[in-house]
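Good morning, and thank you for coming. Please look at the sequence and the structure on the screen before we turn to the aromatic rings.

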Amino acid sequence: QVQLVESGGGLVQVGGSLRLSCAASGSTFDNYFMGWFRQAPGKEREFVAEINRSGGIIKYSDPVGGRFFISRDNAKNTVALQMNRLKPEDTATYYCAAHFSSMWSERPAYWGQGTQVTVSS
């Protein structure tokens with residue numbers, strides 16, 4: 001079992017940057033793939049990015065590739081999402097997730113409570 005707590009959401013203007021963090025506890029952190037998903041009002045939750053156990057393999061969804069960057073610190077049990085050149089369509093609740101394998105096509109086993117990101121124009 002792993003508990004995930006996100007932080008760093010907020011209100012930002014178009015073109016700005018935000019950094020989300022997720023702190024994990026309760027289990028061996030580097031046993032898990034870590035990722036970020038988001039859900040906008042009225043839409044399904046969607047994959048944003050993931051990083052494998054060692055940090056050597058990273059995937060991004062097409063809408064965020066080149067603007068968002070995921071990283072992890074296995075010594076501190078944290079994963080971060082650096083979001084640059086934000087757009088109004090990035091507005092959503094962002095969820096940290098943990099799973100035993102890639103989350104690209106599998107639903108994560110563990111979720112955080114979510115943090116709101118609002119991009120204003």
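**Aromatic rings and their partners**

W111 is partly exposed, with a relative accessible area of 23%; buried means under 20%, exposed over 50%, and partly exposed in between, with a 1.4 Å probe and protein chains only. The model is predicted, so local features need pLDDT of at least 70 and side-chain atom pairs count only at pLDDT 80 or more, while totals for chains, interfaces and linings use all residues. Residues are numbered from 1 along each chain as its sequence is written, and side-chain values use heavy atoms, with hydrogens and water left out.

The structure holds eight aromatic pairs. Rings of Phe, Tyr and Trp (its six-membered ring) pair if their centres lie within 6.5 Å; planes under 30 degrees apart count as stacked, over 60 as edge-to-face and the rest as tilted. F37 and W111 form an edge-to-face pair, 5.0 Å centre to centre, with 75 degrees between the planes. F37 and W111 are 74 residues apart in the chain. F37 is buried, at a relative accessible area of 7%.

The rings of F47 and W104 are also edge-to-face, because their centres are 4.9 Å apart and their planes at 80 degrees. F47 is buried at 12% relative accessibility, whereas W104 is partly exposed at 49%.

Ring pairs link F37, F47, Y95, W104 and W111 into a cluster. Which ring has the charged end of R45 over it, 3.6 Å from its centre? That ring belongs to Y95. A charge sits over a ring if NZ of Lys or CZ of Arg is within 6 Å of the ring centre and within 35 degrees of the ring normal. R45 also lies over the face of W111, 4.5 Å from the ring centre.

Key: Helices (H or I, at least four residues) and strands (E, at least two) are DSSP runs, numbered from the N terminus.
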